[in-house]
Amino acid sequence: MMDIQLLTAISPVDGRYRNKVDGLALYFSEYALIRYRVLVEIEYFITLCEQPLPQLADFDKSLYADLRKIYKEFELEDADRIKEIEGVTNHDVKAVEYFIKEKFDALKLEKYKEFIHFGLTSQDINNTAIPYSLRDAVNDMYYPLLDELIDQLQELADDWKEISMLAKTHGQPASPTRLGKEMMVFIERLKTQLSLLKGIPCSAKFGGATGNFNAHKVAYPEINWIDFGNHFVNDVLKLDREQYTTQISNYDNLGAIFDNLKRLNTIMLDLSRDFWTYIMMEYFKQKIKKGEVGSSAMPHKVNPIDFENAEGNLGIANSIFEHLSAKLPVSRLQRDLTDSTVLRNIGVPLAHTVIAIKSLQKGLGKLLLNKEAIDRDLEANWAVVAEAIQTILRREAYPNPYEALKALTRTNEGINAKTIAEFINGLDVSEEVKEELRSVSPHSYTGM
């Protein structure tokens, strides 16, 4: 068996692109999942002590810090130990329970260790640990990275706010716009979806084998376990407890999160394709880095590879996000195991998303505005001011202005400043209106 290294990894996330996504290992690796499970188990035990259960009423609260060290100082060696135990139990969550019991033995807390994982099923741990890790990853890595991209776009929008540019609708010349405003389109779209994403609760299931606290109630019927579960999940873990579940989470809110991440990616994919096209149209050149090669055969080429890389990674991410959001909310009866293996892949689309955002940032940072090409395109398309002329003529009650401009512009002959000027001169309107019409050009007709 080959040693797993950057050059032997099957996935490019753990190979070629590992340096771009290494931080996500703290949230989505096997080590991370085990650590988050330990965290939930420890905090659950402490919350039982705080209830308090009668058998835990004498637990020394000063030892809470020692218990929390079990997950706060969790090392790879600890994860290896849990995997060793799993090799015997063939059950990953039970291995975590036995590991913590070993730690309790070391702390001379043997009398309390049967209250580790008390009354719980594996999914009470998985369906709290996984949304906990997802929330942390999104807050710690995704939001700051996306904010950086939005800030970068805003800086470009400010720099280019006065740059007039020919618009292209259906791939054809259309009413001019401003380059900065076109950046604002993407900024607003990203901010809107980001706001929606932040409003989706990060939900968790916590309620025993089939969601009814059966084991808890039979052991301590006098305790309101629903209130306890709500307190533990909502107040201690800072998640949002689902009130009615089977053995597993309903996953609807998790699906909504993935759908929203997919929409954000779709916006960035749209941005990538637009800039690729602008570069093809020579509206932008790209900064050249000494020593880099654009093509193995054509020395002159500087390819828009960063935008292509972003588009490819966003596509991979979205295909997985789509599967996650469609599959997870569907389970046979009170539970099947299909969610378990799927949940282990949450980090994969987020990793591809991070790679894509970093590629976008790099690509945007290499852009050099080619105003000559932009102005040349405007100057070559004077027909786009026809809309302005016919609208002013409508205001003046000029007869059939749309049809007059249509006859002028819908030909295969070139329309230029001279053509438009001659048309204006021949109009039966006041000189004042003619001067108003003459002031309109592809460079100035950009709206608000």
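**Note on the predicted model**

1. Helix H11 passes helix H12 in a left-handed crossing, a term used where the near helix is turned anticlockwise from the far one by less than a right angle. The residues of the contact of H11 with H12 divide into 13 nonpolar, seven polar and six charged.

2. This is a predicted model, in which local features need pLDDT of at least 70 and side-chain atom pairs count only at pLDDT 80 or more, whereas totals for chains, interfaces and linings use all residues. Residues are numbered from 1 along each chain as its sequence is written, and side-chain values use heavy atoms, with hydrogens and water left out.

3. H11 covers residues 252–280 and H12 residues 305–327, and the two pack at an angle of about 160° with their axes 9 Å apart. H11 is therefore roughly antiparallel to H12, the label given to angles over 145 degrees.

4. Strand S1 (residues 164–169) pairs with strand S2 (residues 172–178) in the antiparallel sense over five bridges, where pairing requires that DSSP finds at least two bridges between the strands. Within this pair, Met165 stands opposite Thr177 in S2. S1 and S2 form a hairpin with two residues between them, and His170 in the turn has a positive phi of about 60°.

5. A search of the whole structure finds zero disulfides, a disulfide being a pair of cysteine sulfur atoms within 2.5 Å. Cys49 is buried at a relative accessible area of 5%, and Cys202 also counts as buried, at 14% relative accessibility; buried here means under 20% relative accessible area, with a 1.4 Å probe and protein chains only.

Notes. Axes fitted to C-alpha atoms, helices over the stretch in contact; angles between N-to-C directions. Helix = DSSP H or I, 4+ residues; strand = E, 2+ residues; numbered from the N terminus. Parallel < 35°, antiparallel > 145°, perpendicular 65-115°, else oblique. Nonpolar A, V, L, I, M, F, W, Y, C, P; charged D, E, K, R; others polar. Buried < 20%, exposed > 50% of the residue type's maximum accessible area, 1.4 Å probe, protein only.
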